[in-house]
Amino acid sequence: MTENWLVIIIIMGIFLLLDAVILGATYFLKRFSRRGFKRREKLARMVRESLVTEKLEGIESLGEEEYLDYFSEWFRVEQSVEIPESIRVLLDELSLEWGLLARLEVLLKSRSFRKRALGVDLFLSYGEKTESQLLYDTLQKEPTMLLRLKMVQRLCETESPQAVDYICDSMQGMGENYKTRILRILRDHSNLLIGWADHNRNREDSDGRRILIQAARSRLRDWYLPFLLELVEKGDGIVKKEARELVTEVYGDRELLSRFIANGPEGSRSLAVYHLFRQDLPDPAEAAELLNEYELHPSAVGGMKEKLRENPSLISELFLRYQKETAEGARRVYAEVLASRIQYFILRLNSKDKKEIVHLLEDLIELGLSSPLINFMNVNRNMSLEKELLQILAPHVREGNPFLRQCQLFLKASLQEELNLPPLPEVHGKPKIQLTRKDRMAMFFLILFVVSLPIGIFFASQGSLLPFMTGEEIFVAFLLNYHHIFAYYTLAINFFYLFLMLQSWHVINQQEVEWATADQKFLNSPGLMPSVSILAPAYNEETTIVQNVYSLLSLNYPNLQVIVINDGSKDRTIGRLVEQFNLKLVDYPLSDGIKTSPVLGLYKNDRIPNLLVIDKVNGGKADALNVGINAAGGEYICSIDADSLLEPEALSKLMFRILNSGTKTVAIGGNIIPVNGCRTKNGSIREIHLPDNRYARYQTIEYLRSFITGRLGWTRVNGLMIISGAFGAFSRKDVLDIGGYMTGTGSMSRDTVGEDMELVVRLIRHLNEKGKKFRIDYSHNANCWTEVPEKLGDLLKQRDRWHRGLIEILLYHKKMLFNRKYGSPGLLAFPYLFIFELLGPFWEFFGYCVLIFSLLFGLMSGQIFLFMFSIVVLFGILISGTSLFLAEKNILYFQGREFAQSMATVIEENFGYRQFMSLHRVYAFVAYLFRNKGWQKLNRKGFAPHEEKTGAASEG
């Protein structure tokens with residue numbers, strides 16, 4: 001046996017051994033995880049039995065190493081169930097007997113986050129019941145924001161003013177994210193703050209003053225107002241802003257508010273106007289003067305509506321003012337407020353005020369505030385009242401009046417017939433993506449570069465020998481040379497995958513430990529978690545939309561708004577929503593921060609206050625998301641595909657990541673897993689199963705490889721540039737600053753099918769250019785289950801769209817390539833995407849062609865074949881197997897036969913599927929060069945009922 005053969009066999013043997021090791025390790029990991037699960041179940045069973053008997057059952061069977069886990073289990077129970085005092089006494093005795101406090105001191109000083117987290121949890125439950133110097137010292141030294149927040153909560157419960165000193169000291173040097181959470185926690189402990197504030201009223205530091213502002217919310221001291229006014233006048237930055245907001249909200253008597261309105265600091269007038277009208281109606285002259293300023297209208301309307309809710313009898317005074325008012329601006333404001341009580345006026349049409357009420361209804365129609373009137377008519381059963389209302393409406397349903405379109409869209413069919421309304425003309429958006437001549441030239445030169453590079457390398461290495469070779473010899477030499485090029489390329493990309501997986505290992509361990517400390521009592525603390533608005537764009541989603549909305553509404557999250565945007569669906573998407581959730585058309589204030597396609601209507605149900613449904617003209621997914629951003633009220637907006645289901649704790653797990661970072665998180669992605677084959681009911685996953693369909697199984701492994709390992713690895717090196725549109729959250733303020741998602745109707749006048757990735761790349765580019773610190777994160781256990789294509793044609797359409805999106809984004813943001821101004825994304829992530837994802841498929845395509853040609857014509861030796869088989873197939877199995885190992889490391893997705901089938905799929909997908917999908921990207925690139933394409937909507941079957949498995953062809 002020659003030396004070369006020996007080397008090849010050793011290489012192949014190493015890969016076979018590694019493949020066997022990783023698949024075997026995955027199998028034994030599954031068994032070990034089950035053993036650990038059984039041990040935890042044993043402890044949980046002991047705790048449950050103790051709650052029934054009020055005795056500590058089974059503790060004599062515990063080993064020395066199990067005591068900490070036993071106390072930890074009691075801590076978890078304590079977050080949801082009140083422990084009887086008799087058991088609490090027994091636990092305290094056991095903790096003293098076992099020397100728990102001394103052990104906790106060791107844990108709190110550990111370098112391991114896992115041990116410190118366990119120490120903090122157990123100390124908060126079993127440590128000293130009063131203020132503790134140990135807790136104070138630990139707070140100052142603790143490097144992680146998450147554990148600091150938990151200790152701050154405990155310190156607040158001691159009700160010791162000295163605790164606030166330590167909390168204030170802990171704010172020094174920390175980021176704004178930490179300080180904001182601390183202030184929100186303190187807000188709920190006014191008694192603690194008041195005692196501290198009386199002795200610290202002369203604090204000069206910013207953190208101390210911000211805590212004093214929170215104390216001033218109580219209004220229990222005379223010195224609060226002068227102190228706040230001084231900060232409003234002489235303060236700076238965020239201290240001045242917070243003081244101004246508090247003065248107008250809490251201390252704003254009529255004299256003070258009038259002073260702020262007349263000559264207040266920047267940004268205070270709108271707040272002052274809201275609270276002025278919120279307290280009581282100003283006299284007509286003063287009100288008219290304010291209401292003539294258009295920018296103050298939303299504040300005045302909001303204040304008066306709130307006052308009207310508290311005092312319904314005020315409606316007579318408002319109606320009287322509306323009748324007497326002559327100024328157009330003021331009259332509109334009064335009409336908008338009165339529209340919220342439209343039923344009251346309609347039912348009084350036969351009273352002496354009929355003439356004025358008719359004028360009010362006509363004004364509401366002309367002002368575009370007709371939603372309450374249309375809603376009333378759709379549910380009215382009084383025929384005489386209906387006839388009278390139709391007489392009022394008839395003159396206004398004329399061509400050119402926007403009210404005609406409102407009636408065509410939202411008035412029930414029988415009433416449209418009574419009014420002889422013409423049919424509604426179709427309105428089309430502009431979802432097509434335009435490929436410019438400049439783009440085509442860039443793509444052409446990229447292809448030219450890819451084709452010429454191997455040729456250039458061949459001539460550079462063999463140039464001196466070429467004059468002495470025949471044409472056939474040159475061709476054969478080129479093929480053999482390309483074998484080496486392809487081998488180097490394959491090794492490079494696979495080793496990079498392994499590098500990312502090693503980074504993922506660390507991130508998964510870290511995230512698992514952090515989430516283990518996140519008890520629900522902690523997460524549900526008021527103001528701790530950021531407020532979130534979920535945006536769910538929907539286009540022809542009638543089969544899945546209702547279950548999807550139920551899934552979103554059932555999320556276990558303390559401050560949540562759900563916004564569904566119907567993007568001009570041609571099916572019954574909007575009808576299904578209106579019927580299922582009993583929605584009514586409303587006049588809801590929409591921000592105009594981002595330019596979008598027209599909005600047709602907004603729907604709400606007062607009994608489901610956190611649900612808003614928006615109907616709009618079709619403009620594409622990105623345009624629909626921009627409408628949702630305009631309507632959102634949360635600190636973060638979370639985009640989710642309408643064909644996806646979130647696990648109940650998915651959003652909590654996603655946003656929880658923000659609590660452990662002093663650096664602002666501007667974007668964070670969740671884990672995407674195929675739902676095909678799973679059992680679902682009422683918008684939730686009931687049983688997890690591997691798909692029966694072969695293509696769906698391949699994609700399951702592919703998703704695990706891409707999401708759980710690849711993207712987690714990029715977060716470790718601060719280079720993540722992709723957040724899936726199926727489940728990702730973004731800072732609303734930062735998204736508004738860059739103009740939202742890229743659309744043809746927006747400020748950038750350009751469309752893309754890769755709107756999710758493009759938004760992340762543009763955020764990175766914008767924030768780096770502004771010199772701001774930020775991070776883009778990923779949560780490996782915040783699971784979103786989505787349908788994936790089960791037909792090859794649908795799968796290829798999906799991947800075609802993904803690759804076109806990548807092309808558009810890389811060309812549009814080419815300035816970032818190898819640019820150190822953009823940090824890791826510019827120097828590492830962007831070049832990776834450009835070389836391996838955009839250009840790499842061409843080299844793979846030529847490589848496979850050369851391999852096949854060499855095999856057919858006997859130009860490839862057995863050594864080269866086995867070497868290429870090792871680095872293409874066996875190395876690929878190692879990558880996929882490692883991905884499955886990491887995915888199953890802490891979460892048990894598949895059981896029994898299905899787990900074995902998933903390991904078989906890891907092997908099977910490397911014999912054709914991965915190569916074929918890579919080659920398809922070459923087709924997608926070339927096809928896009930010659931043809932413009934739109935979104936290419938795919939068919940879906942929807943979520944199956946719980947008796948059946950889910951399987952669908954979807955866009956994923």
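1. Three elements each supply at least two residues of the lining of the second largest cavity: helix H27 (471-516), helix H32 (650-656) and strand E12 (775-786). Helices (H or I, at least four residues) and strands (E, at least two) are DSSP runs, numbered from the N terminus. The model is predicted, so local features need pLDDT of at least 70 and side-chain atom pairs count only at pLDDT 80 or more, while totals for chains, interfaces and linings use all residues. Residues are numbered from 1 along each chain as its sequence is written, and side-chain values use heavy atoms, with hydrogens and water left out.

2. The lining of this second largest cavity consists of Gln511, Trp515, Lys653, Phe656, Arg657, Ser779 and Asn781. A cavity is a set of points, on a 1 Å grid over the protein atoms alone, where a 1.4 Å probe fits but cannot get out; lining residues have an atom within 4 Å of a point. By class the lining has two nonpolar, three polar and two charged residues. Here Ala, Val, Leu, Ile, Met, Phe, Trp, Tyr, Cys and Pro count as nonpolar, Asp, Glu, Lys and Arg as charged, and the others, Gly among them, as polar.

3. The second largest cavity holds about 40 Å³ of space. Volume is the space filled by probe spheres set on the grid points, which are joined across faces, edges and corners. There are two cavities of 30 Å³ or more.

4. Helices H7 (residues 145-157) and H9 (residues 176-187) pack at about 20° with axes 10 Å apart. Axes are lines fitted to C-alpha atoms, for helices over the stretch in contact, and angles run from 0 to 180 degrees between N-to-C directions. H7 and H9 are therefore roughly parallel (angles under 35 degrees). Their crossing is right-handed, that is, the near helix is turned clockwise from the far one by less than a right angle.

5. On the H7 side, Met145, Arg148, Leu149, Val152, Gln153 and Cys156 meet Asn177, Tyr178, Arg181, Ile182, Ile185 and Leu186 of H9; contact means heavy atoms within 4.5 Å. The residues of this contact divide into eight nonpolar, two polar and two charged.

6. Helix H6 (residues 133-141) and helix H8 (residues 161-170) cross at roughly 15°, their axes coming within 9 Å. H6 and H8 are therefore roughly parallel to each other, and the crossing is right-handed. Gln133, Tyr136, Leu139 and Gln140 of H6 make the contact with Ala163, Tyr166, Ile167, Asp169 and Ser170 of H8. The classes are five nonpolar, three polar and one charged.

7. Arg219 is not a glycine, yet has a positive phi of about 60°. Arg219 lies in the loop between helix H11 (206-215) and helix H12 (224-234).

Notes
Parallel < 35°, antiparallel > 145°, perpendicular 65-115°, else oblique. 1 Å grid on protein atoms, 1.4 Å probe; cavity = no way out; pocket = protein on both sides within 12 Å on 5 of 7 lines; lining within 4 Å.
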